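Subject: Structure for your review

Hello,

Please find the structure below, with the sequence. My notes on it follow.

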Amino acid sequence: MATKPLKIVLFGATGNSGLQVIQQAIERGHSVKALVRTPHKVEMQHQNLKVVKTNIYDAEALSSELKDCDLVLSCLGIRGKMPSGTSFYIDTMRSITTAMRKTNVKRIIAMSSWGTYRHPSSSCFIDYGFRFIIARVLDSMREMELFLEHDCQDLDFTVVRPAGLTDHPVTDKEFKVEVDCPCVPQGWCGSNFSIPRADVARFMLDTAESYSFPKTCLSIMT
């Protein structure tokens, strides 16, 4: 684990990915403050876990909860197929980063997804299959990525783009990492197109502990 226990503020704690982060962070000896809309959805109880009800769009309220934390992790997400566009990801990230600046918190690691934009390394399946299904969500994620890249150079952000998420158990497989690409090219097809949420949580916590990949957007697979 890290040389010292980390004080983590977590967004998206009530989703399956966020719950994995809580469990693994506690197992590693870190403390977690989960900022959520519906606290009862976090059933786990532990002396190193604090669950706080908050409004993610209220930067002032968030800043009071970020005081003294070491970093922010975000597993925020919304349902895939939507009838119209959404600004969820950029709106929430603006609020979070505003609160971070108010409290001098520099480090954030956020989940995104494969396929947030088209790229020569992408397969037809990603560009015309995956994106067709959840294009509006991916476009909103891309807005968030660009916001971090262009407007948040004063912060040490890392955007983690996993492939399709599953609820399989955590593994000890080595991660394949592709920087500045919306996918991992060798993972176009077959079982490697998916990754357990538990492994994404493992990667995010490894990255937090090692302070790896600051100011970077990257894609992962196992």
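Strand β6 (residues 156-162) is mostly covered, with 7 of its 7 residues buried. Buried here means under 20% relative accessible area, exposed means over 50%, and partly exposed is in between (1.4 Å probe, protein chains only). Helices (H or I, at least four residues) and strands (E, at least two) are DSSP runs, numbered from the N terminus.

This is a predicted model, in which local features need pLDDT of at least 70 and side-chain atom pairs count only at pLDDT 80 or more, while totals for chains, interfaces and linings use all residues. Residues are numbered from 1 along each chain as its sequence is written, and side-chain values use heavy atoms, with hydrogens and water left out.

In a regular strand the side chains alternate between the two faces of the sheet. From β6, Asp-156, Thr-158, Val-160 and Pro-162 point one way, Phe-157, Val-159 and Arg-161 point the other way, and all are buried.

Two strands pair if DSSP finds at least two bridges between them. β6 runs parallel to strand β5 (residues 107-111), joined to it by 5 bridges, and pairs in the parallel sense with strand β10 (residues 216-221), also over 5 bridges. Val-160 is the bridge partner of Met-111 and stands opposite Leu-218 in β10.

Helix α5 (residues 197-210) has 14 residues, which should span 20 Å at 1.5 Å a residue, and its end C-alpha atoms are 20 Å apart, in agreement. The expected span is 1.5 Å times one less than the number of residues. Because 10 of its 14 residues are buried, α5 is largely enclosed by the rest of the structure; among them are Arg-202, Phe-203 and Met-204. Just after α5, Tyr-211 takes a positive phi of about 55°.

Helix α1 (residues 16-27) packs against α5 at an angle of about 55°, with the axes 8 Å apart. That makes α1 oblique to α5. Axes are lines fitted to C-alpha atoms, for helices over the stretch in contact, and angles run from 0 to 180 degrees between N-to-C directions. Angles under 35 degrees count as roughly parallel, over 145 as roughly antiparallel, 65 to 115 as roughly perpendicular and the rest as oblique.

**Ser-95**

Ser-95 lies in helix α3 (residues 88-103) and counts as buried at 6% relative accessibility. Leaving aside neighbours within four places in sequence, Ser-95 is in contact (heavy atoms within 4.5 Å) with Ile-56, Tyr-57, Asp-58, Ala-59 and Leu-62.

Regards
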